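Trainee: Hi! I'm new to this one, could you walk me through a few spots?
Mentor: Happy to, let's bring it up.
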Amino acid sequence: MWHKLFFDSVATGFGYFYSINKEVASVQTPFQHAEIFELEFFGRSLVLDGKIQSTEKDEFIYHEALVHPAMLSHPFPQTVLVIGGGEGATLREVLRHESVKQVVMVDIDEQVVNLCREHLGIMHQGSFDDSRVQLVFDDARKFLERSRDNEYDVIIMDSTDPLEEGPAYLLFTVEFYSIVARKLSDQGVMVVQSNSAAVVETDCFTALNRTLREVFPHVVAYSAFIPAFGLDWGFNMASRYPLINELESTEVMNRMKRIKGDLRYLDEVTFNRMFALPKDTRELLAREDRIIRDSQPLYVR
Ligand code: SAM
């Protein structure tokens, strides 16, 4: 039986329909339109400005893929900054690392975070209440500009995509990544969710990779297939030092033991899959010459 349908566009002329069982909540905040749906196939889901952010069925893939490669690239991460991350699931994964003493999460939208706290317990699993967590409601760029240099071992960018009318597009520029580099400690690592890595739409993924190369000597692009997005999803990780994909596999396995509890998506085999991008994507990355600037931002649809 068809229920009410929701459409999320991937590229001009291409997107996916999702069948909605129940509309749980809908709020227009000062920054974005936030909805929580019970989707027939994917379960409880967060949608911002018409774009699926996370679903009950597969959010573990996105959040494990976003968080652990960066956390494991650092020898002993103690201070972590999460940018965005409204659902609290990024926090949940960061907190599985016992070395972590403090996690600051800065999200621009208090109403979205409160909505997630109330309706997405299945995702945050109480992470907001962990004593190591400090929640800040602010624009991440303003917040970071004000914070001390060398403050964070890992900075995880789990913001919304750079939509033209959205709150996040100034978090995707070379000027912003220069600030991020200053705020990282010596061995610090950053990672940014980088939109689609599937060949139908790699604009953001490849331009971000090229932009980060202006700032950091070690940059790696990787991807994971997210069923609810219907796409390979891209991530870019950067540091002054070699990243996890550049380490020996015995060292990777040793570092994976640092994570508390069972992972559902990541193990050594999945690691190799994430960093093995297809030929056409590698060629697009190699050819990319765009640097995203404040004066010339990049927008996704
Ligand atoms: N999983 C996601 C996806 O599909 O891209 C992103 C997760 S999370 C819901 C994105 C969060 O980024 C939102 O809660 C939003 O309020 C926050 N955000 C957007 N722009 C921001 C900014 N400039 N500073 C801080 N947080 C921001």
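Mentor: One term before we start: contact means heavy atoms within 4.5 Å. Also, keep in mind that this is a predicted model.
Trainee: Thanks! Where is S159 found?
Mentor: S159 sits in the loop between β9 (152-158) and α6 (174-183).
Trainee: And is S159 buried or exposed?
Mentor: S159 is buried, because its relative accessible area is 8%, and buried means under 20%.
Trainee: Which residues does S159 touch, leaving out those up to four places away in sequence?
Mentor: With those left out, S159 touches I83, G84, A168, L171, F172 and Q193.
Trainee: New topic: which residues of helix α3 are buried?
Mentor: In α3, residues 110-119, the buried ones include V112, V113, L115, C116 and H119. Looking down the axis of α3, these buried residues fall within an arc of 160 degrees, so they line one face of the helix.
Trainee: What covers the buried residues of α3?
Mentor: The cover includes the strands β2 (14-28), β3 (33-39), β4 (43-48), β7 (102-107) and β8 (133-137), along with helix α4 (121-124).
Trainee: Okay, now α7 and α10. At roughly what angle do their axes cross?
Mentor: The axes of α7 (residues 203-213) and α10 (residues 279-287) cross at roughly 45 degrees and come within 9 Å. The two helices are therefore oblique to each other, and their crossing is right-handed.
Trainee: Which residues make that contact?
Mentor: From α7, F205, T206 and N209; from α10, T281, L284 and L285. The residues of this contact divide into three nonpolar, three polar and no charged.

Definitions and conventions
Residues numbered from 1 in each chain as written. Predicted model: local features only at pLDDT ≥ 70, side-chain atom pairs only at ≥ 80, totals over all residues. Heavy atoms only, no water. Axes fitted to C-alpha atoms, helices over the stretch in contact; angles between N-to-C directions. Helix = DSSP H or I, 4+ residues; strand = E, 2+ residues; numbered from the N terminus. Parallel < 35°, antiparallel > 145°, perpendicular 65-115°, else oblique. Left-handed = near helix turned anticlockwise from the far one by under 90°. Nonpolar A, V, L, I, M, F, W, Y, C, P; charged D, E, K, R; others polar. Buried < 20%, exposed > 50% of the residue type's maximum accessible area, 1.4 Å probe, protein only. Arc of directions from axis to C-beta.
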